[in-house]
2 protein chains.
Amino acid sequence: MNTAPDEPRWLTDEEQRVWRAYLHATTLLEDHLDRQLQRDAGMPHIYYGLLVGLAEAPRRRLRMTELAMQAKITRSRLSHAIARLEKNGWVRREECPSDKRGQFAVLTDAGTEVLRRIAPGHVAAVRQAMFDRLSTEQQQALGEIMQIVAEGLQPREAGADLPWLR
Amino acid sequence: MNTAPDEPRWLTDEEQRVWRAYLHATTLLEDHLDRQLQRDAGMPHIYYGLLVGLAEAPRRRLRMTELAMQAKITRSRLSHAIARLEKNGWVRREECPSDKRGQFAVLTDAGTEVLRRIAPGHVAAVRQAMFDRLSTEQQQALGEIMQIVAEGLQPREAGADLPWLR
DNA sequence: GAGCCTTCCTTGAAGTTTAAACAAAATGGA
DNA sequence: TCCATTTTGTTTAAACTTCAAGGAAGGCTC
């Protein structure tokens, strides 16, 4: 009997190739989109996602926590991000009448306008980087794969304030 | 004839689903790995990649530019990162005899040791998040897809110093 | 309604990344 | 050789993210 303490199951060569391709592609793509948006709109990709989230919400507003969950970021990060977008005049905060702790992030007209202006370029970048290069079958496969991977991962801050669960 | 200026090709509903699944999964996974490594080794995912890059190189050393390209980050970012890893004692700089501008980043014994200690946990996290959940066919498809996407994207800093090409 | 816990969000500090500017060494012609 | 250009890597400051702490309001229980 082997006394070695649980030799880890290293990745096979083939798994390595897949994993490195994944890392390579995702970092390049994220960088690419970040820079495209930074250049065209002066904001990083994640901030764009925030504006889109608000634009799609009823009355173009969302509670901070809801927006944070939608964007998969911490409330802290969102707080800083909204402060920045507020400075740009693209978002404004509004307090929640029914819960005095709460805040709404509201997309302003200027914010809507920015979005209208930059969305086409962003979509074009996404198409060019991904959809224009993949077959329909590959797109479908990718969707399924990403669905599965996401399901296996905890959303952020689950139990963040419940240290005994960690 | 329509006078509208090139109505952009918006994503179809299906494409939207794929794209959002992609964003959702990749951000959750990156967060997950970042936090796993931060907890177990006190460094972000990208820094782990740097140590691995060095560990695999002959004599456990690489020129800064080479390492930056391998990790797909800018030389500036690498410069900061190596400074940090140097403080930890995991990497040391060595000057290049043949090119006096050059620097080698060298993995120290302590760095090798850290890697040995944390690699199993990292591999386990990657397996659990991705490979254990995907069929062989899905893994293969993912590899091909990521390969294609990566090919379409410029490596960082290509022409960074040639502004007229941008 | 007092006390206690939870939720909502913000804050400040520390760490990381980016962008732009820079110095030094190498390179490539004229 | 001389000079312009490129390459290499660092530095500075600003922007962004993370982490830990905390204030204020809501909810629950007795």
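1. Let me start with DNA strand D. Of the 24 residues around DNA strand D, those that come nearest are Arg77(A), Thr65(B), Ser79(B), Arg93(B) and Arg101(B); a residue belongs to such a surface if one of its heavy atoms lies within 4 Å of the strand. Sugar and phosphate make up 66% of the DNA strand D atoms that come within 4 Å of the protein. Please keep in mind that this is a predicted model, in which local features need pLDDT of at least 70, side-chain atom pairs count only at pLDDT 80 or more, and totals for chains, interfaces and linings use all residues. On bookkeeping, residues are numbered from 1 along each chain as its sequence is written, chains are lettered from A and ligands numbered from 1 in the order in which they are written, and side-chain values use heavy atoms, with hydrogens and water left out.

2. Some polar contacts to DNA strand D are worth a look (a polar contact is a pair of N or O atoms within 3.5 Å; within protein, one must be able to donate a hydrogen and the other to accept it, and residues adjacent in sequence count only if both atoms are side-chain atoms). Ser76(B) has a polar side-chain atom 2.9 Å from a base oxygen of DNA strand D. The elements giving two or more residues to this surface are helix H2 (45-56) and H4 of chain A, together with helix H3 (64-71) and H4 of chain B. Helices (H or I, at least four residues) and strands (E, at least two) are DSSP runs, numbered from the N terminus.

3. By class, the surface near DNA strand D has four nonpolar, nine polar and 11 charged residues. The classes are as follows: Ala, Val, Leu, Ile, Met, Phe, Trp, Tyr, Cys and Pro count as nonpolar, Asp, Glu, Lys and Arg as charged, and the others, Gly among them, as polar.

4. Now to DNA strand C, which 22 residues surround, the closest being Thr65(A), Ser79(A), Arg93(A), Arg101(A) and Arg77(B).

5. Which atoms of chain B lie by the phosphate oxygens of DNA strand C? A polar side-chain atom of Arg77(B) is 2.6 Å from one, and a polar side-chain atom of Tyr47(B) is 3.2 Å from one. Lys100(B) has a polar backbone atom 3.2 Å from a phosphate oxygen of DNA strand C. Helix H3 (64-71) and helix H4 (75-88) of chain A, with helix H2 (45-56) and helix H4 (75-88) of chain B, each give two or more residues to the surface near DNA strand C.6. For the overall layout, chain A holds six helices and three strands, in the order α-α-β-α-α-β-β-α-α from the N terminus on. Buried residues make up 44% of the 166 residues in chain A; buried means under 20% relative accessible area, exposed over 50%, and partly exposed in between (1.4 Å probe, protein chains only). Among contacts in chain A between residues at least 6 apart in sequence, 51% join residues at least 24 apart, where contact means heavy atoms within 4.5 Å.

6. Helix H1 (residues 13-41) of chain A has 29 residues and reaches 41 Å from its first C-alpha to its last, close to the expected 42 Å. That expected span is 1.5 Å times one less than the number of residues. Gly42(A), with a positive phi near 70°, follows H1(A).

7. In chain B, strand S3 (residues 103-107) is mostly covered, with four of its five residues buried. Strand S1 (residues 61-63) is joined to S3(B) by three bridges and runs antiparallel to it; Arg61(B) has Val106(B) as its bridge partner. Strand S2 (residues 91-95) is also antiparallel to S3(B), with five bridges, and Glu95(B) is partnered by Gln103(B). Two strands pair if DSSP finds at least two bridges between them.

8. Ala105(A) and Val91(A) are 14 residues apart in sequence and 6.5 Å apart in space, C-alpha to C-alpha.
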